[in-house]
Amino acid sequence: MNAEGGRISAVETAPSLPDGAGIAVRGVEHAYGELRTIERIDLAVEPHGVVGLVGPSGCGKSTLLELICGLRDPLAGAIEISGVGDSPGRLARCAYMPQRDLLLPWYSALDNAALALRNQGARKGRARERAAALFERFGLAGFEATAPAELSGGMRQRVAFLRTLLAGKPVLALDEPFAALDAITRAEMQGWLAAALRADPRTVVLVTHDVEEALYLSDRVAVLSARPARIVAELRAPEPRAPDRDGAVTDPDFVAVREEAMRALREGMR
Amino acid sequence: MKRWLPPTLAIVVLVGAWQVAASTGAIASALNLESFLVPSPAEISSSLWENRSLLAENAWVTLREILIGLGCALVTGLGLALLLHLSETLRRAIYPLLVSTQAIPIVVVAPILVVWFGYGILPKVLIVALVCFFPIAVGALDGLRNVDPDTVKLMRTLDASRSQIFHRVEIPTALPSTFSGAKIAAAVAPIGALFGELAGSSSGLGHLIVQDNAQLEVARLFASVVVLAAIGIALFGLTALAERRVVTWR
């Protein structure tokens, strides 16, 4: 509980720095009844590392994310976060950001962002205060009392990310966080997420079907095959030389790795 | 202003046509009746005014039956919905039984309840509760089924306990359809009370209607119906108002 208290005060002083947690996935298999979804996956994420998972639609990426978060248990194999392997332990260390923002329509933007703090037992005023302190940095200042339905898609996604961040967990599990956005907003949000993670590093597992997004945001990208999923390639993302997103994704090194990832993805679909 | 114009106009046209048809004796002669058997709106409103204390006295009796019955329906309906939501086995066991309570013809049951429980308020309250708990229970149950499983997963990773998920996600999700059920209940409650009184009573609007029917006091009979309808409309309106105050996100 001591580390817990330390983490919360870290969030208060704005850039919060929870202790990094590593993830170890060993020989994990999963099936829904007869339907085999995950064949055998080994994956390691170092503390504060960002790993992207790309793969064809319906290949079991989201299932893998739910397994890591402790929302499900694997049929075989083991998953450990900071050495803890049981699902309640994993659940306590992961914050999950689903593809749909799932903001609660009966709460304001501020109360949605503060949801985890309220669940953890903070009083309403205290939770709001701490969430409000981050609204400016997230480009949401002035929208505290706004209902989710009245926010733009990009803003909703930022509120959802803020809600995930304020949970104060060492691991963020992001499930296609920008899939529902238009291309321009998505590119903006990718640049914004990269900056947010630089300011407040966490261990991140990012599921996406966008190879470029995965390579731009991650240190490492694992390419998954069609169902049942296995890892067909692991690629290291090139160090970005350009400071901005557009410069980074047009860099020749980046383009070369992206092509390699696309090849692996195509082979994995067969 | 614009919102109120169409319904007001419709009522004015309808009542006006009735007034003309009744006061000229067109309806009575078409049906081959004495004209006092077809009161005009003007006659009904003057009867409403002349009998105001008698009507108010009996309306109060009926209103009490309705309100207590609705209260019982609310408690049992919501309680049952919650119970069936928590246990899938219980839901499978009891849901058909729940539906079968609505297949019971109230007209047949009401006299039996009067025989069992006497001429007092109890059988009326039971009948109102019987017709009202069903829409409330089904509304709440359907609302609770609408809970998005992904939102529940999300809440679990945001450290929510079972009771926090219930308060912050399940109850608000269930509210709109629970209110739909409550509005139906509010609208049918007066009918339930009326059936109860018709089966056997010594006061209430239903009692008055039975007497006026026997004595051919047709204008006062219609006045009682107007009062009963007003009670139904007011209850529905109050429920709709409460819904708008509570469910602000729709």
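# Close-ups of a predicted model

**Three strands of chain A line up as an open sheet in the order β2-β1-β4, with antiparallel pairing.** The model is a predicted one, where local features need pLDDT of at least 70 and side-chain atom pairs count only at pLDDT 80 or more, while totals for chains, interfaces and linings use all residues. Residues are numbered from 1 along each chain as its sequence is written, chains are lettered from A and ligands numbered from 1 in the order in which they are written, and side-chain values use heavy atoms, with hydrogens and water left out. As for the names, helices (H or I, at least four residues) and strands (E, at least two) are DSSP runs, numbered from the N terminus. Strands count as paired if DSSP finds at least two bridges between them. At the edges sit β2 (35-45) and β4 (76-81) of chain A, each pairing on one side only. From neighbour to neighbour, the strands of this sheet are turned by 25° on average, direction ignored. Here and below, axes are lines fitted to C-alpha atoms (for helices over the stretch in contact), and angles run from 0 to 180 degrees between N-to-C directions.

**Next, zoom in on strand β1 (residues 23-32) of chain A, which pairs with β2(A) over seven bridges in the antiparallel sense.** Look for Ala31(A), which faces Arg36(A) in β2(A). Which residue takes a positive phi in the hairpin of β1(A) and β2(A)? Gly33(A) does, with phi near 60°, and the hairpin has two residues between the strands. Over on β4(A), β1(A) has five bridges, again antiparallel. There, Glu29(A) has Ala76(A) as its bridge partner. Helix α2 (residues 61-69) of chain A lies across β1, β2 and β4 of chain A, and runs at about 125° to β1(A).

**Another sheet in chain A is open and has six strands, in the order β5-β6-β7-β3-β8-β9, with mixed pairing.** β5 (94-97) and β9 (231-236) of chain A are at the edges with a single partner strand each, so one side of each has no neighbour in the sheet. The twist from one strand to the next averages 15°. Strand β8 (residues 220-224) of chain A joins β9(A) through five bridges, in the antiparallel sense. Val223(A) is bridged to Ala233(A) in β9(A). Helix α7 (residues 153-166) of chain A packs on this sheet and touches β5 and β6 (171-175) of chain A, its direction making about 170° with that of β5(A); contact, by the way, means heavy atoms within 4.5 Å.

Where is Pro228(A)? Pro228(A) is in the loop between β8 and β9 of chain A. The other detail is Leu102(A), a residue other than glycine with a positive phi, near 55°. Leu102(A) belongs to the loop between β5 and α4 (109-113) of chain A.

**In chain B, helix α4 (residues 52-86) and helix α5 (residues 88-103) have axes that come within 6 Å and cross at roughly 135°.** That angle is why α4(B) is oblique to α5(B); angles under 35 degrees count as roughly parallel, over 145 as roughly antiparallel, 65 to 115 as roughly perpendicular and the rest as oblique. On the α4(B) side, the contact is made by Leu80(B), Leu83(B), Leu84(B) and Leu86(B), and these meet Glu88(B), Leu90(B), Arg91(B), Ile94(B), Tyr95(B) and Leu98(B) of α5(B). How do the residues of this contact divide? There are eight nonpolar, no polar and two charged (Ala, Val, Leu, Ile, Met, Phe, Trp, Tyr, Cys and Pro count as nonpolar, Asp, Glu, Lys and Arg as charged, and the others, Gly among them, as polar).

**Chain B splits into domain 1 (1-36) and domain 2 (39-246).** The bounds come from an automatic or database domain assignment. The C-alpha centres of domain 1 and domain 2 of chain B are 30 Å apart. Six residues of domain 1 of chain B and eight residues of domain 2 of chain B make the contact. Together the two domains of chain B bury about 560 Å², with 67% of it on carbon and sulfur atoms. Buried area here is the accessible area (1.4 Å probe) that two parts lose on being put together, summed over both. Within domain 1 of chain B, the residues losing the most area to domain 2 are Trp18(B), Gln19(B) and Phe36(B), together 75% of what that side buries.

Chain A puts 24 residues into the contact and chain B 17 residues. Leu71(A), Trp106(A) and Asn119(A) supply 34% of the area chain A buries against chain B, more than any other three residues.
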